[in-house]
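The structure under study is shown below.

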Amino acid sequence: YTGKITVQPILIRPGDDIDLGFDGLETLSPAALAPLFARTPALHKGDCGRAVIFCGSRGMVGAAAFCANACIRAGAGLTTLLCRESLLPMLQVLAPGATCVPLPETNGLLTPQAARITRETLDKADAACIGCGCGLTPDVTMLLRVFAEADCPIVWDADALTLQSLDGATCIAIGTGTIELRAGGQVLKIDASGVKHNGVNI
């Protein structure tokens with residue numbers, strides 16, 4: 001179930017010369033969208049997908065909460081937030097719709113047990129995300145490897161991309177008006193404000 005759905009233009013600024021292939025924008029009615037969100041009365045939350053997230057760190061709890069709440073609003077039946085045990089009280093308030101699996105820490109760093117718990121949790125996932133505000137501490141690297149071995153689609157974001165680049169991987173991050181190439185701890189920022197993909201500004 002979702003509340004009100006609105007359709008808004010994305011990354012299109014007034015004055016942009018864009019060929020969308022049709023005349024004007026169409027607003028979809030709730031009736032037109034209903035088949036996308038049709039759920040039977042006997043449906044169980046486990047039938048609507050399981051998302052597993054590792055996000056957030058000290059001072060970046062909001063990133064984890066935003067990510068978890070976005071999964072819930074997007075329709076994930078079960079959203080599980082893997083979090084440092086020290087963040088658990090805050091995240092259970094900021095993302096009450098998500099279940100939280102605390103990962104053990106010692107002196108603020110994840111312990112090796114965190115990798116085992118993460119692996120067991122990811123085994124049940126239909127999709128996963130790592131990186132939103134997870135921090136750049138070396139303990140997160142072991143979780144990158146666990147996520148890389150998972151059998152579900154993974155969204156690699158923010159700090160996860162940076163850590164991968166420090167580990168020798170080449171990563172591309174696309175943001176509004178910029179493209180970043182990250183490799184070997186270096187970041188090359190490219191101004192993409194005039195670049196178009198399929199007729200739409202990046």
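I took a disulfide to be a pair of cysteine sulfur atoms within 2.5 Å. The model is predicted, and by that cut-off I found zero disulfides in the structure.

**Entry 1: cysteines.** I looked up C83 and noted that C83 takes part in no disulfide, as the nearest cysteine sulfur, that of C100, lies 4.7 Å away. C83 is buried, and I recorded a relative accessible area of 0%. I then turned to C134, which is likewise in no disulfide. Its nearest cysteine sulfur belongs to C55, at 7.0 Å.

**Entry 2: sheet.** In what order do the five strands of the open sheet stand? I read the order as β3-β2-β1-β6-β7, with parallel pairing. Why is one side of β3 and of β7 left without a neighbour in the sheet? I noted that β3 (99-103) and β7 (154-156) stand at the edges, and each has a single partner strand, so one side of each has no neighbour there. Direction ignored, neighbouring strands of this sheet are turned by 20° against each other on average.

**Entry 3: strand β2.** I followed β2 (residues 78-84) to β3 and found five bridges joining the two, which run parallel. Returning to C83, I saw that C83 stands opposite P102 in β3.

**Entry 4: helix α2.** Which strands does helix α2 (residues 61-74) lie across? I listed β1 (50-54), β2 and β6 (127-130). Relative to β2, helix α2 runs at about 170°.

Notes
Residues numbered from 1 in each chain as written. Predicted model: local features only at pLDDT ≥ 70, side-chain atom pairs only at ≥ 80, totals over all residues. Heavy atoms only, no water. Buried < 20%, exposed > 50% of the residue type's maximum accessible area, 1.4 Å probe, protein only. Pairing = 2+ DSSP bridges. Helix = DSSP H or I, 4+ residues; strand = E, 2+ residues; numbered from the N terminus. Axes fitted to C-alpha atoms, helices over the stretch in contact; angles between N-to-C directions. Contact = heavy atoms within 4.5 Å.
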